[in-house]
Amino acid sequence: TEIDSGDTTTSSAEPREDIKSNYNDLKTALASRRLNTHVSPQDYQHSTPPSPVRYICDYTLNKFTRWLRILGIDATLETEAEEKERTTTGGNIALFDHCKRERRTLLTTSYKLLLRKDCPPGAYLLDPKSTSSLEQALPRLLITHGVKLMPCQFLTRCVVCNGNIVPVLDDNEKRSVFQENGAPPDLLDSKEDMEVFRCDG
């Protein structure tokens, strides 16, 4: 009886009118703000964009690490010494310390690492059965971590050491790069203005 009473109907209608009124006031205020203030697309973005994902791969993922570096992604590799320590001792794992110290996401082919309670959060397991399985895993990994590939960043990292690839502008430095890498004599004596790059690592 109380639910069907006129008083109940009136009381339930009043909050609806208040909500509608508040909504209209909000629309008016926002419209006025848009007219008086120029809003750029950047204003809708977070003031501090998220840091790009940085990876550390276990020693079995040498080739996969190189693929990431070719794409311009910061990816370091577990050292041979760290790998030996990890597989021969059951104590502290240097790979975990390296991961936490540099705030990197761990990529591994070992499910046993993921079972350890000291394994860094967010570690990602890859199936190393074949090259094709890693090729399929690569786009899934990037999508999972929201990595957006940018062609301008391709080939900007050294595939050997993960250092940055930087341009060499000085002619003497260019000649030094040629000599260090065993360039043929005709290239050393060339007067052609060539673009030369080197790793800063």
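**Reading the model, feature by feature**

Guide: Glu83 is found in helix 3, residues 80-88. The model before us is a predicted one.

Visitor: Is Glu83 buried or exposed?

Guide: Burial is judged by relative accessible area, and under 20% counts as buried. Glu83 has a relative accessible area of 19%, and therefore is buried. Glu83 and Leu95 are twelve residues apart in sequence, and their C-alpha atoms are 7.8 Å apart in space.

Visitor: How many helices and strands does the protein chain have?

Guide: The protein chain has eight helices and six strands. Read from the N terminus, their order is α-β-α-β-α-α-β-α-β-α-β-α-α-β. The chain has 201 residues, of which 28% count as buried.

Visitor: Let us turn to salt bridges. How many does a search of the whole structure find?

Guide: The search finds ten salt bridges. The criterion is a side-chain nitrogen of Lys or Arg within 4 Å of a carboxyl oxygen of Asp or Glu. One of the pairs is Arg104 with Asp74, at 3.0 Å from N to O. Arg104 is in the loop between helix 4 (94-101) and strand 3 (105-108), while Asp74 is in the loop between helix 2 (62-70) and strand 2 (75-77), so this pair ties together parts that are 30 residues apart in sequence. Both Arg104 and Asp74 are buried.

Visitor: What is the distance between the closest N and O atoms of Asp118 and Arg116?

Guide: In the salt bridge of Asp118 with Arg116, these atoms are 3.0 Å apart. Asp118 counts as partly exposed because its relative accessibility is 25%, and Arg116 is likewise partly exposed, at 26%.

Visitor: Where do Asp189 and Arg175 lie?

Guide: Asp189 and Arg175 form a salt bridge whose closest N and O atoms are 3.9 Å apart. Asp189 lies in the loop between helix 8 and strand 6 (196-199), and Arg175 in helix 7, so the pair ties together parts 14 residues apart in sequence. Arg175 is partly exposed, with a relative accessible area of 36%. There is also a network, in which salt bridges that share partners join Arg54, Asp74, Glu102, Arg104 and Arg157.

Visitor: Which helices each supply at least two residues of the lining of the second largest pocket?

Guide: They are helix 7 (171-180) and helix 8 (185-188). Helix 7 gives the largest share, four residues. The volume of the second largest pocket is about 270 Å³. Its lining includes Asp171, Lys174, Phe178, Leu187 and Met194, as well as Arg175 and Asp189, the salt-bridge pair discussed above.

Visitor: Which residues make the nonpolar surface patch of about 350 Å²?

Guide: The patch is made by Ile70, Leu149, Phe154 and Leu155. Phe154 is located in the loop between helix 6 (131-144) and strand 5 (165-168). With a relative accessible area of 33%, Phe154 is partly exposed. Leu155 lies in the loop between helix 6 and strand 5, and is exposed because its relative accessible area is 60%.

Methods: Residues are numbered from 1 along each chain as its sequence is written. This is a predicted model: local features need pLDDT of at least 70, side-chain atom pairs count only at pLDDT 80 or more; totals for chains, interfaces and linings use all residues. Side-chain values use heavy atoms; hydrogens and water are left out. Patches are made of residues with over 30% relative accessible area and no salt bridge: like charges are joined within 9 Å, nonpolar side chains (Val, Leu, Ile, Met, Phe, Trp, Tyr) within 5 Å. Accessible areas come from the Shrake-Rupley method with a 1.4 Å probe; for residues, only the protein chains shown count as cover. Buried means under 20% relative accessible area, exposed over 50%, partly exposed in between (1.4 Å probe, protein chains only). On a 1 Å grid over the protein atoms alone, a cavity is a set of points where a 1.4 Å probe fits but cannot get out, and a pocket is an open set with protein on both sides within 12 Å along at least five of seven lines; lining residues have an atom within 4 Å of a point. Grid points are joined across faces, edges and corners, and a volume is the space filled by probe spheres set on the points.
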